Amino acid sequence: MKGLIFDIRSFSVHDGPGIRTTVFLKGCPLRCSWCHNPESQRCLTETVRKVRKLGAETFETTENIGTPMETTAVLNRFVADKPFFEESGGGITISGGEPLMQPAFTLFLLKAAREMGIHSALDTSGYANSDVFRNVAYAADLVLYDLKLANIAEHERHTGQTNTLILNNLEMLAASGKHFFIRIPLIPDVTDTQGNLEGLYNIISSLGMVERIDLLPFHHLGKSKYERMGRQFAFEHTQAYDRAQSEKIKSFFRPLAQTISIGG
């Protein structure tokens, strides 16, 4: 079985507990206006330009993003990194894009990790058919659940889709007893408005006390990717997120979770 992958990153420390190997799958049903991985959106191999310098000379080359990989090749990476998982209490994380866009491949990797005695996490927006979500997410040891906007119209405006499926699947996940963390991107004047934060607070509080909330402040690391792809980044002139504001939001959500972190 093959999956379309745009990156595999070892020694990740922001995609779940411990040291992890994160597999990034191509394809996403959302088009978040602040997306930091625009190369992840389309479920196909794309060619982008790269500019390289050699001394005083500048050369423009191309690079293909998105490689079809057999499951055996991915599992070999898991095996190679397993000693680091065991030492740190880490494991593997399947991310994207949206890994539920490639459900059979994602499910295979999650089940294989379990058979290998490796902790697994699924990083998802939750935007998927409920049967697909249940079948795949429940195979993971931990679900990292992105929660962006509370208002249905605002969610559609900034991501291209409503949040109905996302909220339904979150409610189902919470009722299942599975381990899950909620991740909230802090995007200036979009997700960090008082109205949206209060809306997210109400959604999370309806689930009962949650294990963990990760606040993910806006940064500019995706800007160069837009340039390489010949696309404009809607937030290219937005300042990096203010730490003091992150701390205020952390305090705001404090009553809802056992642990709250800034930056994952």
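Analyst: The model is predicted. Counting rings whose centres lie within 6.5 Å as a pair, it has 10 aromatic pairs. One of them is formed by Phe-6 and Phe-24, with 5.6 Å from centre to centre and 45° between the planes, a tilted arrangement. Phe-6 belongs to strand E1 (residues 2–12) and Phe-24 to strand E2 (residues 20–25), so this pair ties together parts that are 18 residues apart in sequence. Phe-6 and Phe-24 are both buried.

A second pair is made by Phe-218 and Phe-233. Their ring centres are 6.2 Å apart and their planes stand at 20°, so this pair counts as stacked. Phe-218 sits in the loop between strand E10 (210–217) and helix H7 (223–228), while Phe-233 is in the loop between H7 and helix H8 (243–253); the pair links distant parts of the chain, 15 residues apart. Both of these residues, Phe-218 and Phe-233, are buried. Ring pairs also join Phe-218 and Phe-233 with Tyr-226 and Phe-235 in a cluster.

Now the sheet itself. It is an open sheet of 9 strands with mixed pairing, and the order across it is E5-E1-E2-E6-E7-E8-E9-E10-E11. Strand E5 (67–70) and strand E11 (257–262) are the edge strands; each has a single partner strand, so one side of each is left without a neighbour in the sheet. On average, and with direction ignored, neighbouring strands of this sheet are turned by 30° against each other.

Strand E9 (180–186) can be followed residue by residue. It is mostly covered, with 7 of its 7 residues buried. In a regular strand the side chains alternate between the two faces of the sheet. In E9, Phe-180, Ile-182, Ile-184 and Leu-186 point one way, Phe-181, Arg-183 and Pro-185 point the other way, and all are buried. What are the partners of E9? Strand E8 (residues 142–146) runs parallel to E9 and is joined to it by 4 bridges; here Leu-144 stands opposite Phe-181.

Gly-264 has its place in the segment after E11. Apart from neighbours within four places in sequence, Gly-264 is in contact with His-14, Arg-183, Arg-212, Asp-214, Leu-215 and Leu-216. Its relative accessibility is 24%, so Gly-264 counts as partly exposed. Between Gly-264 and Arg-157 there are 26 Å in space, C-alpha to C-alpha, and 107 residues in sequence.

Thr-106 is a second residue to look at. It lies in helix H2 (residues 103–115). With a relative accessibility of 0%, Thr-106 counts as buried, because buried means under 20%. Leaving out residues up to four places away in sequence, Thr-106 touches Leu-25, Ile-94, Pro-99, Leu-122 and Val-136.

That leaves the empty space. Rolling a probe the size of a water molecule over the atoms shows where empty space is left. The largest pocket has a volume of about 1100 Å³. Its lining takes in 36 residues, and His-36, Asn-37, Asp-123, Leu-216 and His-219 lie nearest its centre. E1, strand E7 (119–124), E9 and E10 are the elements that give two or more residues to this lining. Leu-216, one of the residues nearest the pocket centre, is also among the contacts of Gly-264.

How many cavities of 30 Å³ or more are there? The count comes to 1. The largest cavity has a volume of about 30 Å³. The residues that line this cavity are Ser-125, Asp-146, Leu-147, Lys-148, Leu-149, His-155, Asn-163 and Ile-166.

Technical notes:
Residues numbered from 1 in each chain as written. Predicted model: local features only at pLDDT ≥ 70, side-chain atom pairs only at ≥ 80, totals over all residues. Heavy atoms only, no water. Phe/Tyr/Trp six-rings, centres within 6.5 Å; stacked < 30°, edge-to-face > 60°. Buried < 20%, exposed > 50% of the residue type's maximum accessible area, 1.4 Å probe, protein only. Pairing = 2+ DSSP bridges. Axes fitted to C-alpha atoms, helices over the stretch in contact; angles between N-to-C directions. Contact = heavy atoms within 4.5 Å. 1 Å grid on protein atoms, 1.4 Å probe; cavity = no way out; pocket = protein on both sides within 12 Å on 5 of 7 lines; lining within 4 Å. Points joined across faces, edges and corners; volume = space filled by probe spheres on them.
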